[in-house]
Amino acid sequence: MTTRVTLISPVVNAALREARFDDDVPPDEQALAAARALAGSLPSAVPVPVSPTVRCRATAQALGLAAEETAPAGWALGRWRGRTLAEVSAEEPEAVAAWLSDPDAAPHDAESLRELCARVGGWLDGLAATPGRVLAVVEPEIVRACAVRALGAPEASFWRIDVPPLTATEFSGRSGRWNLRAGRPLG
């Protein structure tokens, strides 16, 4: 039995444009209009998990998807939430350097990269029991962590994966193995 998982990255919001550790900022109307223009172009799927952030829920709604909040939440970054990368880098350069180079580092007092990849990888592996197609709207870091799991790559490779807004990253799997097709534009 093959499982097909398509992960849709959400529309852009102010936090992404500002390189801000997301503080659950909603997307702007222009970004949502781009998603609405794609409504009806996606394959049908049940279930349609969605990450619990405002922009993932709003993206799913704009795409016309009847989504459930069962997809993993984004990366828990503790006290860095709502701050820009530039602000944190200026105030805590050693902490940012450790966060970017050590998968076990959690200088923000929350989840390490290794913990994120394990949590999300476990969710992806659990989807292998779902026959057919799963379509989910998830934060870019969830897509990146799934790619790391699918490829069996070291966690440090997470930093080398770009996930543009409103793109599809597809996984097909069976027998404990995943294949990856990355970055297809929607529509």
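This briefing describes aromatic ring pairs in a predicted model. Local features need pLDDT of at least 70 and side-chain atom pairs count only at pLDDT 80 or more, whereas totals for chains, interfaces and linings use all residues. Residues are numbered from 1 along each chain as its sequence is written, and side-chain values use heavy atoms, with hydrogens and water left out.

**Ring pairs**

- Rings of Phe, Tyr and Trp (its six-membered ring) pair if their centres lie within 6.5 Å; planes under 30 degrees apart count as stacked, over 60 as edge-to-face and the rest as tilted.
- The count by this rule is eight aromatic pairs.
- Trp75 and Trp159 form a tilted pair, 5.8 Å centre to centre with 40 degrees between the planes.
- Trp75 lies in the loop between α3 (54-62) and α4 (85-91) and Trp159 in the loop between α7 (140-151) and β3 (167-174), so this pair ties together parts 84 residues apart in sequence; helices (H or I, at least four residues) and strands (E, at least two) are DSSP runs, numbered from the N terminus.
- The ring centres of Phe158 and Trp159 are 5.2 Å apart and their planes stand at 85 degrees, so the pair is edge-to-face.
- Ring pairs link Phe21, Trp75, Trp80, Trp99, Phe158 and Trp159 into a cluster.

**Accessibility**

- Buried means under 20% relative accessible area, exposed over 50%, and partly exposed in between (1.4 Å probe, protein chains only).
- Phe158 is buried at 0% and Trp75 is buried at 10%, while Trp159 is partly exposed at 24%.
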